[in-house]
Amino acid sequence: MENGQQGREDLAAANREFWKLIFGSQWMLSFAKKIGDALSDNVEWMGIRRRSESGPPVKLLDYACGYGMVSSALLGQFDVIKGIDISDASVAAYNEMAQQSGVPPGLMVAVQGSIPAISTNTVLATEEFFDFDVIAISMALHHMGDQVGVISGLYERLRSGGVLVVVDLAPEAHVHDHAHDHSHGHTDCAGGSHSHDHSHGHSHGAVSSHHTISKHGGFEPEDMKALLAEAGFTPESFGYKLYPDTTPHVSNVPQHGTCQTSKFKPFFIAKGVKR
């Protein structure tokens, strides 16, 4: 039990350091835009309750919020948006982005934390972090060790009838080397392996995400349906939309000085409704 807990803590620490380094790279911003556009196009499919002056506020929890891609994409649909991230750098960037974007004070605020919540985190125990209409977790579940625990913890924070939205990597139909090709996908101009390559460690001075991954190869629809059902979501409410676009993209990462040819991995949007 102690070894399992230590493993989850080590994974969390590795993720905090990784996202501090990779935050803001151009390939990541481009990939995030693809995801943001997909979310914006699926507001009705996700079942987001319409805002109403006479009704209760419509609330979004952006879990593992990063710098706020999900929150920004869905900003016009909600009265209250809360972000939670394990990285203090991401939380600071999220709040700075909200402030600089002119979002009304209090509408869009992130705090540092994790779910299941540590008992000492009194902020996440307050009412404002419960009864959400929608909780979204984007490109983070495959980095988490206790996936069932996370989804169950998010389930508890939804209102009855609330919707969990998961965006993550989908399996690739044709993988040349499924023992090693698990990258978010990019190599530098000299052919070296870099940043989000899940298969190897540090290479040529760049950051590797291999030690931050708990789930390689992406989630099949059956994987996600089973995870959501185990957490309590109604099986008949499950939905899964695949986005297979892997268009090559050339980007530059200033902090590492590498020229990269990126191949975006297929991703999906899945949903489940709380009983």
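A residue is called buried when its relative accessible area is under 20%, exposed when it is over 50%, and partly exposed in between (1.4 Å probe, protein chains only). The structure is a predicted model, in which local features need pLDDT of at least 70 and side-chain atom pairs count only at pLDDT 80 or more, whereas totals for chains, interfaces and linings use all residues. Residues are numbered from 1 along each chain as its sequence is written, and side-chain values use heavy atoms, with hydrogens and water left out.

Of the 275 residues of the protein, 49% count as buried.

Seven strands form an open sheet with mixed pairing, in the order β3-β2-β1-β4-β5-β10-β7. Two strands are paired if DSSP finds at least two bridges between them. Strands β3 and β7 stand at the edges with a single partner strand each, so one side of each has no neighbour in the sheet. From one strand to the next, the twist averages 15°. Strands β1 (residues 59-63) and β2 (residues 80-85) run parallel and are joined by five bridges. Opposite L61 stands K82 in β2.

Helix α5 (residues 88-100) lies across β1, β2 and β3, and runs at about 165° to β3. Helix α6 packs on the sheet and touches β1, β4 (132-138) and β5, with its direction at about 145° to that of β5. These angles are taken between N-to-C directions, from 0 to 180 degrees, using axes fitted to C-alpha atoms, for helices over the stretch in contact.

In helix α7 (residues 221-231), the residues M224, L227, L228 and A231 are buried. Viewed down the axis of α7, the buried residues fall within an arc of 95°, so they line one face of the helix; the arc is that of the directions from the helix axis to the C-beta atoms. An α-helix has 3.6 residues a turn, so residues three or four places apart point the same way. The exposed residues E222 and E230 are on the face of α7 turned away from its buried side. The cover over the buried residues of α7 includes α6 (147-156), β5 (158-169), β7 (239-243) and β10 (267-273), where contact means heavy atoms within 4.5 Å. After α7 comes G232, which has a positive phi, near 115°.

Definitions and conventions
Helices (H or I, at least four residues) and strands (E, at least two) are DSSP runs, numbered from the N terminus.
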